[in-house]
Amino acid sequence: MVGLFDEILSHLGEFGRYQKLVYFLLCLSAISCGIRMVLSVFIQKTPAHRCAIPGYDNDTYEIQSDYHARLINLTIPLDDSDDDQVYDKCHIYLVSDNMTTVACDKWVYSTDIIQNSAVTEMDMVCEAALDTSHAQMIFTAGYLFGVFILGIISDKIGRKKALYFSVILSLAGGLGLAWTPNNFIVYCVIRFVNGFSMGGVFPITFVMSIEIVGRSKRALIGISIEYFFAMGLVILSGLAYLIRDWRYLEITVSVPSALFLLYWCCIPESPRWLISEGRYKHAERIITTAAKMNKVTLPDHLFQRDSTQHIPDKQKEITQADTTKASIVDMFKSQALLIRSLIIFLNWMVVSMVYYGLSLNTDNLGAGSLYVNFLISGLVEFPAYTICILLLGRVGRKALHCGSMILGGVSCLLTTFTVLYLDKDHQWATVLLAMVGKLGAAGGFAIIYVFSAELFPTVVRNSAMGASGSWARVGGMIAPYIADLGKVVHGDIGHVLPLIIFGSASVAAGLLSLFLPETLNRCLPETIEDGENFGRIVEVKEKDVISTKF
């Protein structure tokens with residue numbers, strides 16, 4: 001089915017100079033999203049620490065003198081669970097009996113890696129160690145609510161206004177977090193607001209990018225925006241290295257969002273949305289501007305809006321079956337679609353869990369610098385997306401997605417051997433395997449967007465994709481708890497356990513995706529019945545075959 005704006009794009013150009021300019025400006029906001037989504041790696045960094053010596057006001061984590069060292073030995077027991085003979089992080093000796101220990105309520109922190117973080121200011125350690133996971137989970141929950149609420153708002157009042165509101169909220173939330181008092185509840189509330197704003201900025205940016213281009217360019221556009229997201233990770237690694245105070249870092253990454261306020265003058269409303277709302281004059285002004293920049297002349301009849309002229313001939317041929325109303329509930333009434341949907345939802349949840357889990361787990365690999373490891377984890381996404389663009393239209397969605405998930409999963413599982421059987425001088429192998437795992441997760445994340453959109457029938461595609469995104473957020477909410485298992489399980493097992501879980505889940509999800517039908521060069525399912533037969537009955541309907549030429 002060809003819509004009015006698709007008909008206009010056939011004259012305007014699917015990805016002309018005008019669309020490229022708007023797309024580039026939209027993609028810049030994805031850099032901010034990439035930074036914000038994994039900023040907790042640094043602002044919630046847990047440095048090396050131990051209990052503070054009671055009554056010693058000038059106590060520091062670094063040993064000041066021989067007297068200080070003796071005082072520490074008399075006050076702080078060694079940690080029996082750590083082979084490196086470090087001091088206990090959570091207990092001190094009783095003054096009257098140095099063989100009995102009690103929990104402490106004050107700590108000193110190392111400043112070697114970070115000057116201070118939300119963890120050091122709010123003492124998110126020992127019994128409160130999982131507060132960092134709770135805070136990140138709340139951030140992701142905010143993202144989940146933002147996707148739903150701001151998505152509805154963008155459909156009602158327009159993409160541009162919803163995006164602008166999200167940018168303002170992101171700026172206010174970021175600066176608000178930098179000046180938040182040392183109160184965990186207040187901190188989490190503002191983190192929720194930050195996540196909520198991101199639930200508007202990135203999805204709306206993604207939708208606006210897709211809506212201004214022709215169908216043959218959508219897969220390319222949808223994956224290419226991820227380059228800017230990954231660029232945010234690379235930029236963050238450098239900023240975090242230079243700025244070791246979490247509040248100043250928060251200000252530094254938030255202030256550039258003010259530049260996006262200029263988008264009100266630079267970014268037009270989505271003409272596709274305007275046409276769907278019947279606001280043809282506004283859409284006509286935008287399309288005319290685009291035509292001038294693209295140096296094309298549009299036929300006059302495209303803007304004639306009487307009942308016989310503004311509807312393309314192909315659209316008049318819609319069958320009664322095509323217009324039948326359906327809901328996502330109808331999809332679950334079919335056994336074939338139910339099983340297929342569950343596999344898709346599982347893959348969304350797992351790929352999100354693994355992607356964000358590996359990003360958050362960068363500091364728990366047991367080797368290398370936090371900043372270098374995080375930089376590499378961002379850089380590996382570039383070849384991942386490039387491979388997707390080059391092979392998605394040749395190898396197919398199913399094989400490439402399955403291969404990405406299994407490659408990432410097996411790499412994570414292999415870290416078991418490097419952690420348990422290689423000495424510290426060879427732990428670079430653990431980092432290498434974890435980065436290959438991140439490459440696979442990034443590729444799988446990019447592919448599942450395209451793959452699942454093509455598998456769901458048109459009549460329920462939007463709602464089904466929304467449900468898929470919800471499962472991705474569930475995976476994102478689980479990820480910090482798995483990444484922080486090292487805080488609960490000590491020693492080498494604690495280092496490798498998150499990678500074992502990520503790897504096993506990734507392999508399982510990848511294998512299950514083999515039960516999904518291939519969509520490469522296939523007619524997209526329109527109705528629930530089409531969805532049931534998809535993969536078994538191949539119809540040749542060229543107008544509905546999604547282009548795979550990038």
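The model is predicted: local features need pLDDT of at least 70, side-chain atom pairs count only at pLDDT 80 or more, and totals for chains, interfaces and linings use all residues. Residues are numbered from 1 along each chain as its sequence is written, and side-chain values use heavy atoms, with hydrogens and water left out.

**Disulfides**

The whole structure contains two disulfides, a disulfide being a pair of cysteine sulfur atoms within 2.5 Å. Counting bonded cysteines along the chain, their pattern is 1-3, 2-4.

| Disulfide | S to S distance | Torsion about S-S |
|---|---|---|
| Cys 51 to Cys 104 | 2.0 Å | -65 degrees |
| Cys 90 to Cys 126 | 2.1 Å | about -100 degrees |

The link of Cys 51 and Cys 104 is left-handed. This pair connects distant parts of the chain, 53 residues apart: Cys 51 is in strand S1 (residues 49-51), and Cys 104 is in the loop between strand S3 (101-103) and strand S4 (107-109). Helices (H or I, at least four residues) and strands (E, at least two) are DSSP runs, numbered from the N terminus. Cys 51 is buried at 0% relative accessibility, and Cys 104 is buried at 11%. Here buried means under 20% relative accessible area, exposed means over 50%, and partly exposed lies in between (1.4 Å probe, protein chains only).

The disulfide of Cys 90 and Cys 126 is left-handed as well. Cys 90 lies in the loop between helix H4 (66-75) and strand S2 (91-93), and Cys 126 in the loop between helix H5 (118-122) and helix H6 (131-157), so the bond ties together parts 36 residues apart in sequence. Cys 90 is partly exposed at 21% relative accessibility, and Cys 126 is partly exposed, also at 21%.

**Other buried residues**

Cys 33 is buried, with 1% relative accessibility, and Cys 412 is buried with 1%. Thr 205, in helix H8 (residues 184-211), has a relative accessible area of 0% and is buried. Leaving aside residues up to four places away in sequence, Thr 205 touches Leu 26, Ser 29, Leu 163, Gly 200 and Ile 225; contact means heavy atoms within 4.5 Å.

**Helix pairs**

Helix H7 (residues 159-178) packs against helix H10 (residues 246-254) at an angle of about 165 degrees, with axes 8 Å apart. Axes are lines fitted to C-alpha atoms, for helices over the stretch in contact, and angles run from 0 to 180 degrees between N-to-C directions. H7 and H10 are therefore roughly antiparallel, a class for angles over 145 degrees, whereas under 35 is roughly parallel, 65 to 115 roughly perpendicular and the rest oblique. Leu 171, Gly 174, Leu 175, Leu 177 and Ala 178 of H7 make the contact with Trp 246, Arg 247, Glu 250, Ile 251 and Ser 254 of H10. The contact residues of H7 and H10 comprise six nonpolar, two polar and two charged. Ala, Val, Leu, Ile, Met, Phe, Trp, Tyr, Cys and Pro count as nonpolar, Asp, Glu, Lys and Arg as charged, and the others, Gly among them, as polar.

Helix H16 (residues 335-360) and helix H20 (residues 428-455) pack at about 150 degrees, their axes 9 Å apart. Their contact residues comprise 14 nonpolar, six polar and two charged. Among them are Trp 348 and Tyr 355 in H16, and Phe 445 and Tyr 449 in H20.
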